[in-house]
Amino acid sequence: MTIQAEPDSLLGHLVELRNRLLRCIIAVLVVFACLAYFATDLYELLAMPLIATMPEGSSMIATDVASPFFAPFKLTFMVAIALAIPYILFQFWQFIAPALYQRERRLVAPLVISSTLLFYAGIAFAYYVVFPIVFAFFSNYAPESITIATDISSYLNFVLKLFFAFGIAFEIPVVILLLIWSGTTTPQALAAKRPYIVVGAFIAGMLLTPPDVISQTLLAIPMWILFECGLLLGRFYQPKDQLQTDTDPEVKDES
């Protein structure tokens, strides 16, 4: 027996949400299936920043019997999710678009695209800038009596945590623009809180990164710079209610 639901009813929205979530899951699985053959190559690419800084003759190790198999495929699954993010955000956008004003639709679409690019930029920054500095620091300051042999699962968890932290941190300009556009705050109010924002960036770097000063600083400083960029761009945005009043005839009539 098939349940029929009106598109505008609560059940209809739940059915549509289920269908879009299923599409997202299928997209991730398809990308994962395409990348599964290259799982070991992806892990070797991920390990390059560490291997380049390790002493000559040393290598990574696997302390668990199943680690050589599961670690590359865990990485491949995370890469599949990252690559499917544009499609996932598109499905989310398609779900909420009918409830938005025309001006809101034109504004949200660039924000979705920019948030995706900023997330990728955060991952790239961590891989090409942060990893070489952090791993070189760890290798150079290791005691001579210690043989560096990093476990592949521990390394994967370490870099995934940093990828997620930097990817989220690079979303700061989008968050600021949304806060200003929605009328929650103003550029002037945010500028007045700059000292607290800077302290908060370093606290976030301490919480989101491993317990070392280098990675914490390398996260906090970009967060501060991104805050300034979002603050600069936010001066060109108006509150949401003012935009609706200027563009929506129905709102004008009601006022």
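Guide: The account below starts with the chain as a whole, then turns to aromatic rings, and ends with charged side chains.

This is a predicted model, in which local features need pLDDT of at least 70 and side-chain atom pairs count only at pLDDT 80 or more, while totals for chains, interfaces and linings use all residues. Residues are numbered from 1 along each chain as its sequence is written, and side-chain values rest on heavy atoms, with hydrogens and water left out.

Of the 255 residues in the protein chain, 36% are buried. Buried means under 20% relative accessible area, exposed over 50%, and partly exposed in between, with a 1.4 Å probe and protein chains only.

The structure holds 15 aromatic pairs. Rings of Phe, Tyr and Trp (its six-membered ring) pair if their centres lie within 6.5 Å; planes under 30 degrees apart count as stacked, over 60 as edge-to-face, and the rest as tilted. One of these pairs joins Y43 and Y155, with the centres 6.5 Å apart and 70 degrees between the planes, an edge-to-face arrangement. Y43 belongs to helix α2 (residues 39-51) and Y155 to helix α5 (residues 152-169), so this pair ties together parts that lie 112 residues apart in sequence. Both Y43 and Y155 are buried. Another pair is made by F69 and F70, whose ring centres are 5.2 Å apart; because their planes stand at 85 degrees, this pair is edge-to-face. F70 is exposed, its relative accessible area being 53%.

Together with Y127, Y128, F131, F135, F158 and F163, they form one aromatic cluster.

The charged side chains complete the picture. The structure holds two salt bridges, each defined as a side-chain nitrogen of Lys or Arg within 4 Å of a carboxyl oxygen of Asp or Glu. In one, the side chains of E16 and R20 meet at 3.3 Å, N to O. E16 and R20 are four residues apart in helix α1, which means that about one helical turn separates them. E16 has a relative accessible area of 24% and is therefore partly exposed, whereas R20, at 14% relative accessibility, counts as buried.

The other salt bridge joins E228 and R194, with the closest N and O atoms 2.6 Å apart. Here E228 lies in helix α9 (residues 213-234) and R194 in helix α8 (residues 194-208), so the pair connects parts that are 34 residues apart in sequence. E228 is partly exposed, with 25% relative accessible area, and R194 is likewise partly exposed, with 28%.

Conventions. Helices (H or I, at least four residues) and strands (E, at least two) are DSSP runs, numbered from the N terminus.
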